[in-house]
Amino acid sequence: RVEQLAALAHRNGVRSLWSHLDGEVMILGPLVTPRQTACRLCATAEGLAPAATRGAAPPPDPFADALAHHLGQLVATEALKVLTDYTGARLGGRLRIQRRTLETEFHTLVRLPWCRVCGDGA
């Protein structure tokens with residue numbers, strides 16, 4: 001399903017912003033600009049994708065509601081940056097991974113030539 005949505009957005013030239021809550025980890029990104037940045041499927045191929053897209057669901061987290069609200073705020077803030085162009089979005093072809101402890105990492109994605117969504121043959 002993720003691949004189908006990513007491919008549809010890519011074919012139609014629609015920018016997309018992905019997010020996922022994976023247990024105690026909030027994953028924001030990538031912000032995909034078709035034919036310019038790596039796509040969501042490239043993130044999966046690089047092993048940075050959420051566990052929910054790879055198999056078993058994580059155990060329930062007592063802080064899940066608070067984390068979901070926080071992730072929603074992060075998504076809304078990033079979407080406003082993109083829509084208003086007020087300030088540059090940092091997630092173009094990148095992932096922001098934030099843990100419940102607020103430890104944050106950014107990962108730059110490489111656009112994979114063999115990717116079925118954004119690669120050379122797409």
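Which residue's side chain meets that of Arg99 in a salt bridge? In this predicted model, the partner of Arg99 is Glu105, with a separation of 3.5 Å from N to O. Arg99 is partly exposed, at a relative accessible area of 28%, and Glu105 is likewise assigned as partly exposed, at 26%. The strands concerned are β3, which spans residues 94-99, and β4, which spans residues 104-108; they run antiparallel and are joined by five bridges. Within this pairing, Arg96 stands opposite Phe106 of β4. The two strands form a hairpin with four residues between them, and in the turn Leu102 adopts a positive phi of about 75 degrees.

The chain as a whole contains three helices and four strands, which follow one another along the sequence in the pattern α-β-β-α-α-β-β. Of its 122 residues, 35% count as buried, and the chain exposes about 7200 Å², of which carbon and sulfur atoms supply 55%. Among contacts with a separation of 6 or more, 58% are between residues 24 or more positions apart.

Helix α3, formed by residues 64-84, has 21 residues and reaches 30 Å from its first C-alpha to its last, close to the 30 Å expected at 1.5 Å a residue. Its buried residues are Leu67, Leu71, Leu74 and Glu78; seen down the axis of α3, these fall within an arc of 60 degrees, so they line one face of the helix. This buried set packs against β1 (16-22), β2 (25-32) and β3, whereas Asp65, Ala66, His69, Gln73, Leu80 and Leu83 are exposed on the other side of α3. Glu78 counts as buried at 6% relative accessibility, and its side chain meets that of Lys81 in a salt bridge of 3.6 Å, N to O. Lys81 is partly exposed, with a relative accessible area of 23%. Because Glu78 and Lys81 are three residues apart in helix α3, they are separated by about one helical turn. The helix is followed by Asp85, whose phi is positive, near 55 degrees.

In helix α1, which comprises residues 2-11, the buried residues are Ala6, Ala7, Ala9 and His10. Viewed down the axis of α1, they fall within an arc of 165 degrees, so they line one face of the helix. The buried residues of α1 pack against β1, while the face turned away from the buried side carries the exposed residues Gln4 and Arg11. Gly13, which follows α1, has a positive phi near 70 degrees.

Four salt bridges are found in a search of the whole structure, and one of them joins the side chains of Arg116 and Glu3, at 2.7 Å from N to O. This pair links distant parts of the chain, with Arg116 in the segment after β4 and Glu3 in helix α1, 113 residues apart. Arg116 is exposed, at a relative accessible area of 59%, whereas Glu3 is partly exposed, at 29%.

Helix α2, residues 40-45, includes Cys42, which is buried with a relative accessible area of 0%. When residues up to four places away in sequence are not counted, Cys42 touches Val110, Arg111, Leu112, Cys115 and Cys118. The C-alpha atoms of Cys42 and Val117 are separated by 8.4 Å, although these residues are 75 residues apart along the chain.

Methods. Residues numbered from 1 in each chain as written. Predicted model: local features only at pLDDT ≥ 70, side-chain atom pairs only at ≥ 80, totals over all residues. Heavy atoms only, no water. Pairing = 2+ DSSP bridges. Buried < 20%, exposed > 50% of the residue type's maximum accessible area, 1.4 Å probe, protein only. Contact = heavy atoms within 4.5 Å. Areas by Shrake-Rupley, 256 points an atom, 1.4 Å probe, with all protein chains shown as cover. Expected span 1.5 Å × (residues − 1). Arc of directions from axis to C-beta.
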